[in-house]
2 protein chains.
Amino acid sequence: MVRSRFPLKLLFVGFGNVGRELARILTRKADYPGLTDLDVSVVGITTKSRGALARETGVDLARALMDLDEGGRFSPQNPDYSELASLEAASLLDYDVLVEMSPLSIENRGQPAISHAETALRRGRHVITCNKGPLAFAYKELRKLADENNAAFLHETTVMDGAPVFDLARCCMKGNTIRRIDGILNSTSNYVLCAMEKGLTFEEGVRGAQAEQIAEADPSNDLDGWDASVKIVALANVLMGADLRPEDVDRESISSITPERIREVKERKRRIKMVCSAWREGSSFKAAVKAEEIPLEHPFALVDAAGSIVRFETDLLGRILVTEENPDITTTAYGVLADLYALHSGNR
Amino acid sequence: MVRSRFPLKLLFVGFGNVGRELARILTRKADYPGLTDLDVSVVGITTKSRGALARETGVDLARALMDLDEGGRFSPQNPDYSELASLEAASLLDYDVLVEMSPLSIENRGQPAISHAETALRRGRHVITCNKGPLAFAYKELRKLADENNAAFLHETTVMDGAPVFDLARCCMKGNTIRRIDGILNSTSNYVLCAMEKGLTFEEGVRGAQAEQIAEADPSNDLDGWDASVKIVALANVLMGADLRPEDVDRESISSITPERIREVKERKRRIKMVCSAWREGSSFKAAVKAEEIPLEHPFALVDAAGSIVRFETDLLGRILVTEENPDITTTAYGVLADLYALHSGNR
């Protein structure tokens, strides 16, 4: 229940879509209604291949955004320009919160994000991660490190964008034991399945998701269930006390699902959805990501396009479902603000 | 962020279903998993017509439950027996939290629950109300009183039983402005409408709801939309800053809905639901409770029997829905525990 120092000085590791949206929000602070209670500055931004910025009194975010728009990277002419690599910045800069926004690497088992988080936590600095890797590959160790160093380790954005999932369980379901978690948590696969129901081919569905910036250039992690596996493992590790890894998940790809099968299932008043699940089995935990046939009267059948849903089965509170409709980059960025609010109110 | 004194001494005002379930939970504390972090005792129980109990070191809850089971009221032979009326107990006893569980009276505009809450708050004691009256008829005044006296005023149970609604908005949506709230919040009316879809008459539906202890002996407040009006007003007053009263709600009864209409709507792939709504209109607020035709692919169409749902439309986080499936008296009692946890963690 330690109140954080204010104003909060942030170090951004990574400056992709979420980082830039956050920067936009912070530069137009006056007309973004959610920020009145927060006083934050960004003292460093590091990237893998776009250079870095650092300034103790706060980097010029408008200039940072302009640099990227104009040259695709930070300009050496930018007065805040720096040669710092992310890990160096995590070790050396004076910040309160490291905001980890580098892309997830499943091949590298969550690295280098895990090292960034470790470095910050060892220094007693808070970590907000938007990268799911640290939760899926090193949650127990990082949680222990955070507790030992009286630092917060927050991650609301990692599952269902800014919608309250971890905060909900942490703040609103105290005393409950979560027995089971089910959800639809991957937008790209859901978008493609919905597109096929409308008569498009698998490939047309993928291209549509890319055109709407839901899917990445290489969507295989989404379609093969890896992204969903990482998310259900993150939920199970954080909320159920599991110690699973993505490779432990009984995982099914949707890439073999044909338009014929979709049509046949639809005729039987069902929809195919990529459903993630985690549950207890005796003293151990299991997780699965499966293309399941969902009857139309089931809440999961209503999740369209980029929407998502999670259902918690608890001992005291029964079944609680949270649905997010039509998320966008602003709602994702809000997840980081939610974590900053948690720091601000000492509710972490 | 003031941590409360521990252990927490509670005064129960009212001892109906929720109070008795709480007493059962507190007496079998060892095998109720949610209580490990809470240390509470009940120093008084007052009722309107069943007598009262009081003991500074904690009344004997097992004996209290036995009294009710055996004689329908507290026995004068009970060593904790007391003649205290509720308002006297609120003024005189030494407690930390007044738990208001008396029945809602719309005719008396939330009284006497409002006076109980006022009395406790003026003494700087926390109030947890399960009675919606104080929120629907006197929220602004009580909130002000609570703030002036550095006391908490909590009420998670009042809408959707123990499911997180107020806590969700308070803890997980900080910085957001809620623009609109819609929900299905009355179990009895929903149960009756579902029963009519299955071919039963209105009266058979009501008797079914009574048999399952969803509806009270006189279900008119539920069927005429008064209970739903009180709930939507509570949500609007607490979460949107409105200052509405139940009589301001544009309210429709479901009692004139015929099985024929239900059938005809069903044929058009729709369901009739009692939908509560609150929204901003310029600088003022409006609320309605209406029997609406909901298309089957809308999330509200999936709410069956005693389930409930609420949808928040926010500026930063988009649309967030929370669904509660199959609540029972234990989940309702959990709402009080959730408020006790909020006091315990200083998160109020």
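Student: In which sense do strand 13 of chain A and strand 13 of chain B pair?

Tutor: In this predicted model, the two strands pair in the antiparallel sense, over seven bridges. Strand 13 of chain B covers residues 319–325.

Student: What is the bridge partner of Glu325(A) in strand 13 of chain B?

Tutor: The partner of Glu325(A) there is Arg319(B).

Student: How many residues do chain A and chain B each give to the contact?

Tutor: Chain A gives 41 residues, and chain B gives 41 residues.

Student: Which elements of chain A give two or more residues to the side that touches chain B?

Tutor: They are helix 6 (166–172), strand 13 (319–325) and helix 12 (329–344) of chain A.

Student: And which element gives the most to that side of chain A?

Tutor: Strand 13 of chain A gives the most, with seven residues.

Student: How does the side of chain A that touches chain B divide by class?

Tutor: That side has 21 nonpolar, twelve polar and eight charged residues.

Student: Turning to chain A by itself, into which domains is it divided?

Tutor: Chain A has domain 1, made of 8–162 and 329–344, and domain 2, which is 178–324. The C-alpha centres of these two domains lie 28 Å apart.

Student: How many residues does each domain of chain A bring to the contact between them?

Tutor: Domain 1 of chain A brings twelve residues, while domain 2 of chain A brings 16 residues.

Student: What classes are found on the domain 1 side of that contact?

Tutor: On the side of domain 1 of chain A that touches domain 2 of chain A, eight residues are nonpolar, one is polar and three are charged.

Note on methods. Residues are numbered from 1 along each chain as its sequence is written. Chains are lettered from A and ligands numbered from 1 in the order in which they are written. This is a predicted model: local features need pLDDT of at least 70, side-chain atom pairs count only at pLDDT 80 or more; totals for chains, interfaces and linings use all residues. Domain bounds come from an automatic or database domain assignment. Two residues are in contact if their C-beta atoms, placed from the backbone, lie within 7 Å. Ala, Val, Leu, Ile, Met, Phe, Trp, Tyr, Cys and Pro count as nonpolar, Asp, Glu, Lys and Arg as charged, and the others, Gly among them, as polar. Helices (H or I, at least four residues) and strands (E, at least two) are DSSP runs, numbered from the N terminus. Two strands pair if DSSP finds at least two bridges between them.
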